[in-house]
Amino acid sequence: MKIHLAAVRADGERFTLERNRALLSPGEAERLSRRRPEDQKRSVAGRWLLGQLLKEQYPALSLPPRLDYGWQDKPLLADAPDVGFNLSHSGPWAVCALCAAPVGADLQEERPLRRNLLRRFAPAEQALLEALPEAERQSAFYDLWCLKEAFCKCTGDGLRTPLSATTFTLDPVTLDRPGYQAALVPFPAAGVHLAMCVQTVEPLEAALRVFS
């Protein structure tokens, strides 16, 4: 299954709320106005990416897209409910995933690893991380974290589902939930991890496009 992925830097003045209110409904713009400027920019950048991908892949859809909300308030395209999308952001980056099935994407910029977080993983994942050299452990931790969040976002459960409820491997990437496929996607910035998960049994095909 083909997944369309796009990323863009959200810092600077390009994605301020004032310049991009046309991307949002009045209610969304009002809710976003109460958040920090940095969060506003990342959210606006995600919606801009969604518009770019929809314009390229589904040109018949009107823009900006109308959103509905499904299970656990997961956003859906009101005019194309069978088209899955998901947004994520971390640090200065925003990312959007789009495909013809429910999809989750998660982007994480590395921070110093807190070892107590390892206990939130499944026992096999904890063993995998503990067996790695210290120099490799942080990167592997963030790979697993992104995969887990991408799965939770794909299902719509979010972090209501304990991170230990699903077990991933890294080489190759697998998960113990039939009917789902997951993958890590190389990101062109040091210390940034990107993962996706799709409700499908088909192999995943994805390439990341970075907008300038």
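**Notebook: helix pair, pocket, cis prolines**

I looked up the helix 3 and helix 4 pair to begin with: the axes of helix 3 (residues 123-130) and helix 4 come within 9 Å of each other and cross at roughly 155°. An angle over 145 degrees counts as roughly antiparallel, and helix 3 and helix 4 are therefore roughly antiparallel to each other. I noted the handedness of this crossing as right-handed. From helix 3, the contact uses Glu-125, Leu-129 and Glu-130, and from helix 4 it uses Arg-137, Ala-140, Phe-141, Leu-144 and Lys-148. Sorted by class, I have four nonpolar and four charged residues in this contact, and no polar ones.

I note here that the model is predicted.

Next I turned to the largest pocket. Its space comes to about 660 Å³. I listed 25 lining residues, with Arg-35, Ser-43, Arg-47, Pro-75 and Leu-87 nearest the centre of the pocket. For the elements behind the lining, I found at least two residues each from helix 1 (26-33), helix 2 (37-57), strand 2 (67-69), strand 4 (84-90), strand 6 (103-109) and helix 4 (134-155). The class count for the lining is ten charged, nine nonpolar and six polar residues.

The bond from Leu-63 to Pro-64 is cis, and its omega is near 0°. I placed Pro-64 in the loop that runs between helix 2 and strand 2. The bond from Asp-171 to Pro-172 is also cis, with omega near 10°. Pro-172 sits in the loop between strand 7 (168-170) and strand 8 (173-175).

Methods
Residues are numbered from 1 along each chain as its sequence is written. This is a predicted model: local features need pLDDT of at least 70, side-chain atom pairs count only at pLDDT 80 or more; totals for chains, interfaces and linings use all residues. Side-chain values use heavy atoms; hydrogens and water are left out. On a 1 Å grid over the protein atoms alone, a cavity is a set of points where a 1.4 Å probe fits but cannot get out, and a pocket is an open set with protein on both sides within 12 Å along at least five of seven lines; lining residues have an atom within 4 Å of a point. Grid points are joined across faces, edges and corners, and a volume is the space filled by probe spheres set on the points. Helices (H or I, at least four residues) and strands (E, at least two) are DSSP runs, numbered from the N terminus. Ala, Val, Leu, Ile, Met, Phe, Trp, Tyr, Cys and Pro count as nonpolar, Asp, Glu, Lys and Arg as charged, and the others, Gly among them, as polar. Axes are lines fitted to C-alpha atoms, for helices over the stretch in contact, and angles run from 0 to 180 degrees between N-to-C directions. Angles under 35 degrees count as roughly parallel, over 145 as roughly antiparallel, 65 to 115 as roughly perpendicular and the rest as oblique. A crossing is left-handed if the near helix is turned anticlockwise from the far one by less than a right angle, and right-handed if clockwise. Contact means heavy atoms within 4.5 Å.
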